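Dear colleague,

Please find below the structure that I am handing over to you. My notes on it follow directly after.

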Amino acid sequence: MKILSITAQKPCSTGSGVYLTELVKEYADRRHEQAVVAGVYEEDKIELPKGVEFYPVYFSEEKEEILNPDRDNAQKLAFPIAGMSDEMPYKSTRYCDMTLQMAAQFKASFLKKIEKAVKELQPDVILCHHLYLLTAVVREAFPEYTVYGFCHNTDLRQMQKTDLEREFIKEQIRGLDRIFVPQRAQEMGVREIYGADPDKITRVGMGYNSRIFHVTEGKKQDGIVRMVFAGKIAEKKGVISFLRALNILDLDKKRLKVYLAGSTGNQAEYETILRLAEECPYEVTFLGRLAQPELADIYNACDIFVLPSFFEGIPLTVIEALACGDRVVMTDLPGIREWLSEMTLGADIRYVPLPAMRNTDEPLEDELPEFEKRLAEALTESIMKGTGRTADVSGISWEKIAKEVIRCF
């Protein structure tokens, strides 16, 4: 079978990038012929399986003047990579800041590369990640091809927050041959926001790399509790509230160590986070962005994984941490508890009710003190009452998702 995978973002960063790359690996193992189109910077090192053709669309890390939106794609797009999240782990452009000229250049540049890939591969199916602008462009441009779309939840948020070509996107997403969603919450969102035919929607969940993320050794029994957060070091990921919640804990300062793994975002936010870390009564270590094997080592060295985020799809980091034997404290994100209860048997997860929100991912300021108290209570319970059992995550795999996509075809 010939499969063309497409994303507007890097295929080597963020949950959706991991999703695309892991499916490509699964199909490579089954000897399907493949190609990938993705948005990257020239210095990026993209690792795809041997034999997979890569068609990069290059962006500029700094915004430039757009002289001709239809210029040849041998040159870079004149702005940073368009990110589905407002805070990306690399330099990015928010879709809400994209002008008509930028959108025109975006479409033209991607279409040139996709047309080349389609001509050379002649794919049986085109897999587009995110139900947003680029997927809509692909559906319109290639009506004779089978096009599937993957919802990663951030696309639903963009449709709620951003006016950019909203009606065009809705119309084209409805025309997809099939839509894959992580779980029920996203299915309901796709039906409500795009008006998609329910018969075209398939729930496939999320996968994780069990070759990397698994228990390697027992946790240290030295009386010290080790907590880890992994993700964008940013306010919307709940890092500021996490650090404030630590100040509420009533523990000996030598009994707790905290690790923050991930790249930084907004500089002003990061300076606030650094200050709060310095003021924290417990040791806080910034690990920077880690490769997956390094992240697995940290999960195995820690006892509790903390995800205080105000918005997520299905958070891959939670599954990876559970696979490494961690217990979890996380915000009660819409639809996540139901899915995790089905797919992670025996997991020790404590859910913290979210504060009231605006624009789907921005907490109301006056709600944060109570939220941080709830978070501190959940952290304390996990420390004092947490179990040492390892969750059964054997029902979650990229292989399962890859097979389901092919079965639908």
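**Findings**

Tyr55 is in contact with Ala35, Val36, Val37, Ala38, Lys113, Lys116, Ala117 and Glu120, leaving aside its neighbours within four places in sequence. Please bear in mind that the model is a predicted one. Tyr55 belongs to strand S3, which covers residues 53-58. With a relative accessible area of 7%, Tyr55 falls under the 20% limit and is therefore buried. Leu354 lies 299 residues away from Tyr55 along the chain, and the C-alpha atoms of the two are separated by 41 Å.

**The six-stranded sheet**

I turn next to a sheet of six strands. The sheet is open, its strands are paired in parallel, and their order is S12-S11-S10-S13-S14-S15. Strand S12 (283-288) and strand S15 (349-352) each have a single partner strand, so they stand at the edges, and one side of each is left without a neighbour in the sheet. On average, neighbouring strands of this sheet are turned by 20° against each other, direction ignored.

Within the sheet, strand S13 (residues 304-307) runs parallel to strand S14 (residues 327-331), and four bridges join the two. Phe305 has Val328 as its bridge partner in S14.

Helix H9 (residues 292-301) touches strand S10 (225-230), strand S11 (256-261), S12 and S13, and the direction of H9 makes about 150° with that of S10. Helix H12 (residues 368-385) packs on the sheet as well, where it touches S10, S13, S14 and S15; the direction of H12 makes about 170° with that of S15.

**An enclosed helix**

Why is helix H7 (residues 239-246) described as largely enclosed by the rest of the structure? Seven of its eight residues are buried, and H7 is therefore largely enclosed. The buried residues are Val239, Ile240, Ser241, Phe242, Leu243, Ala245 and Leu246. They pack against S10, S11, S12 and S13, and also against helix H8 (267-279) and H12.

**Salt bridges**

The structure holds 24 salt bridges; three of them are described here.

- Arg226 and Asp222 form a salt bridge in which the closest N and O atoms are 2.8 Å apart. Arg226 counts as buried at 7% relative accessibility, whereas Asp222, at 38%, counts as partly exposed.
- Arg358 forms a salt bridge with Glu362, with 3.5 Å between the closest N and O atoms. Arg358 is partly exposed, with a relative accessible area of 42%. Glu362 has a relative accessibility of 21% and also counts as partly exposed, because that category begins where the buried one, under 20%, ends.
- Glu370 and Lys373 meet through their side chains in a salt bridge of 3.4 Å, N to O. These two residues are three apart in helix H12, so about one helical turn separates them. Glu370 is partly exposed, at a relative accessible area of 45%, and Lys373 is partly exposed at 42%.

With kind regards

Definitions and conventions:
Residues numbered from 1 in each chain as written. Predicted model: local features only at pLDDT ≥ 70, side-chain atom pairs only at ≥ 80, totals over all residues. Heavy atoms only, no water. Buried < 20%, exposed > 50% of the residue type's maximum accessible area, 1.4 Å probe, protein only. Contact = heavy atoms within 4.5 Å. Pairing = 2+ DSSP bridges. Axes fitted to C-alpha atoms, helices over the stretch in contact; angles between N-to-C directions. Salt bridge = Lys/Arg side-chain N within 4 Å of Asp/Glu carboxyl O.
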